Amino acid sequence: MIEHEFIWRQQDRAYTAVDAVLGGGHILRLEWNEENARMEIELDIPLSEEEAGRLCAQFDLNASCEGETANGSLICLYP
């Protein structure tokens, strides 16, 4: 099980990275998915491949764009 402090730290980093790359206010959902052991960041906009790559490069964890939801892109972080 992942410690809460680790999750909080990653959530803070996620907000910082999204704000830096895309500007503020684009995170719709940010949560730890225990079943898949990953942090999920659902955005309110779809990202191009280039934008997704720039955003994923900001994280110190493995990150990838897992596709689109009904609202926008889904970025996942893997510890």
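The legends below describe close-up views of a predicted model.

**View 1. Helix α1 along its length.**
Helix α1 covers residues 4-22, 19 residues in total. From its first C-alpha to its last it reaches 27 Å, close to the 27 Å expected at 1.5 Å a residue. Gly23 follows α1 and has a positive phi, near 90°.

**View 2. The buried and exposed sides of α1.**
Phe6, Ile7, Gln10, Gln11, Ala14, Ala17, Val18 and Leu22 are the buried residues of α1. Seen down the helix axis, these buried residues fall within an arc of 135°, so they line one face of α1. The face turned away from this buried side carries the exposed residues Glu5, Trp8, Asp12 and Ala20. The packing partners of the buried residues of α1 are the strands β1 (27-33) and β2 (38-43), together with helix α2 (49-56).

His26 sits in the loop between α1 and β1. Its relative accessible area is 18%; because buried means under 20%, His26 counts as buried. The His26 side chain makes a polar contact with the side chain of Asp44, at 2.8 Å. Leaving aside residues up to four places away in sequence, His26 touches Val18, Glu42, Leu43, Asp44 and Ile45. One of these, Val18, is also among the buried residues of α1.

**View 3. The four-stranded sheet.**
Four strands form an open sheet, and their order is β1-β2-β4-β3. The pairing in this sheet is antiparallel. β1 and β3 (62-68) are the edge strands, each pairing on one side only. From one strand to the next, the twist averages 20°.

**View 4. The pairing of β2 with β4.**
Strand β4 consists of residues 73-78 and runs antiparallel to β2, to which it is joined by four bridges. Opposite Glu40 stands Cys76, a residue of β4.

**View 5. The two helices against the strands.**
α1 packs on the sheet, where it touches β1 and β2. The direction of α1 makes about 150° with that of β1. Helix α2 lies across β2, β3 and β4. Relative to β3, α2 runs at about 150°. The buried residues of α1 also pack against α2.

Conventions:
Residues are numbered from 1 along each chain as its sequence is written. This is a predicted model: local features need pLDDT of at least 70, side-chain atom pairs count only at pLDDT 80 or more; totals for chains, interfaces and linings use all residues. Side-chain values use heavy atoms; hydrogens and water are left out. The expected span of a helix is 1.5 Å times one less than its number of residues. Buried means under 20% relative accessible area, exposed over 50%, partly exposed in between (1.4 Å probe, protein chains only). The arc is that of the directions from the helix axis to the C-beta atoms. Contact means heavy atoms within 4.5 Å. A polar contact is a pair of N or O atoms within 3.5 Å; within protein, one must be able to donate a hydrogen and the other to accept it, and residues adjacent in sequence count only if both atoms are side-chain atoms. Two strands pair if DSSP finds at least two bridges between them. Axes are lines fitted to C-alpha atoms, for helices over the stretch in contact, and angles run from 0 to 180 degrees between N-to-C directions.
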